[in-house]
Amino acid sequence: MSVKQIAIILGCSILLIALSVVTVYHHPWISLNDCYENPEKYDGKLVTHFREPVIAEILDDGFILKQYQGPSIKVFAETTNLKTGEFVGLKAIFHKEGYLEAVSCRIAKNRRYKIWLSVIPVVLVAFFLFQSFQVEWKTIRIRVKDHA
Amino acid sequence: MPDLITHVAVSHLIRRPYELAKHKVGLPFRSLFYLGTILPDILTRPFYIIFPATYNWTFPFHTLLGMGLTTLLLSQFFDAAIRKRAFINLAGGATLHFIVDALQIQIHGNNFWLFPFSWKNFSYGLATAGQMIEYIPYWIIGIIIFESMVYLIRKKRQVHS
């Protein structure tokens, strides 16, 4: 590997890390976890990001939103067309008392299928790549296989 | 984001006619184009679905600039003779990914083409990701019809020559 290549790899890596830092500290969205960390600051703010939100239970005036690796919360919302166990796309106002008020809410239709169906092309593309390329580990170089 | 079958199907139906028109038939670079088209999602989704706290850290990989840097970085591992073509196919596939993503109806922004200079979301909202899944059979039928036509035309040409 030449000095130029190493410089490009290092430069790109540093810039990618910088972009991640920019996102972590300057993103415009508010997540439910941000609200839990600082309820006073986010009281009355619009929350758009949740951790794999699923409807745990439907109530008369809303539902219980369950997050993956995160706390559950009561959401006041119109429950027509909502179903227990489904992923949900949600925009809601956070209240420091510990509940959300839905601004827009809809079932993330077919989300489970989407995740599992997406595995098929990944396997297929990996197969094509292994058919087409080989790695020379000594020089860390990828080249086209002779027969490809 | 639409599912990855939709992404790969669209990339196939765009890349293949180009390849045939240019008489450049070859799986290696086409498979790099496919890789480019799924790369923004496979470098982000699995991580934040399994580890939700990583969402903000992996986010740049789902942006034009982040993908440009990633594909440039990856292409450095290719043999010098094919490095430029590898980069063009990876970056071309990734660009197509964001164009297809822009066709999706999004409840919150996910298509920040000008990141990190602007947080403007580019979305033209034709269908939700869930609705796009229902079109998968049509994409597959489209590919089968296209490939059958290519096969028949080639066979006819071989008979005539």
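I took helices (H or I, at least four residues) and strands (E, at least two) as DSSP runs, numbered from the N terminus. I worked on a predicted model, where local features need pLDDT of at least 70, side-chain atom pairs count only at pLDDT 80 or more, and totals for chains, interfaces and linings use all residues. Residues are numbered from 1 along each chain as its sequence is written, and chains are lettered from A and ligands numbered from 1 in the order in which they are written.

**Entry 1: helix 1 of chain B**

I then checked the helix itself: its 18 residues reach 26 Å from first C-alpha to last. That is close to the 26 Å expected at 1.5 Å a residue, where the expected span is 1.5 Å times one less than the number of residues.

Next I looked up burial. I called a residue buried if 20 or more other C-beta atoms lie within 10 Å of its own, exposed if 12 or fewer, and partly exposed in between, with C-beta atoms placed from the backbone. The buried residues of helix 1 of chain B include His7(B), Val8(B), His12(B) and Arg15(B). The buried residues of this helix pack against helix 4 and helix 5 of chain A. Within chain B they pack against helix 2, helix 6, helix 7 (129–133) and helix 8 (136–160).

**Entry 2: chain B as a whole**

I counted eight helices and zero strands in chain B. I put its C-alpha atoms in a box of roughly 60 × 40 × 30 Å along the principal axes. Of its 161 residues, 39% are buried.

**Entry 3: cores**

I defined a nonpolar core as a set of buried Ala, Val, Leu, Ile, Met, Phe, Trp, Tyr and Cys residues joined through C-beta atoms within 7 Å. The largest one has 26 residues, and Val8(B), Leu32(B) and Leu90(B) are among those with the most contacts inside it. Helix 1 (4–21), helix 2 (27–42), helix 5 and helix 6 (83–101) of chain B each give two or more residues to this core. Helix 2 of chain B gives the largest share, seven residues. Another core, of 18 residues, lies apart from it and includes Cys35(A) and Ile73(A).

**Entry 4: Leu72(B)**

I found Leu72(B) in helix 5 (residues 64–75) of chain B. Why is Leu72(B) partly exposed? Because 17 other C-beta atoms lie within 10 Å. I used contact for two residues whose C-beta atoms, placed from the backbone, lie within 7 Å. Leaving aside neighbours within four places in sequence, Leu72(B) is in contact with Ile8(A), Cys12(A) and Phe87(B).

**Entry 5: where the chains touch**

I noted 48 residues from chain A and 36 residues from chain B in the contact. Helix 1 of chain A supplies the largest share of chain A's side, 12 residues. That side divides into 25 nonpolar, 15 polar and eight charged residues. I counted Ala, Val, Leu, Ile, Met, Phe, Trp, Tyr, Cys and Pro as nonpolar, Asp, Glu, Lys and Arg as charged, and the others, Gly among them, as polar.

I took two strands as paired if DSSP finds at least two bridges between them. Strand 7 (residues 133–136) and strand 8 of chain A run antiparallel, joined by four bridges. Glu136(A) stands opposite Arg141(A).
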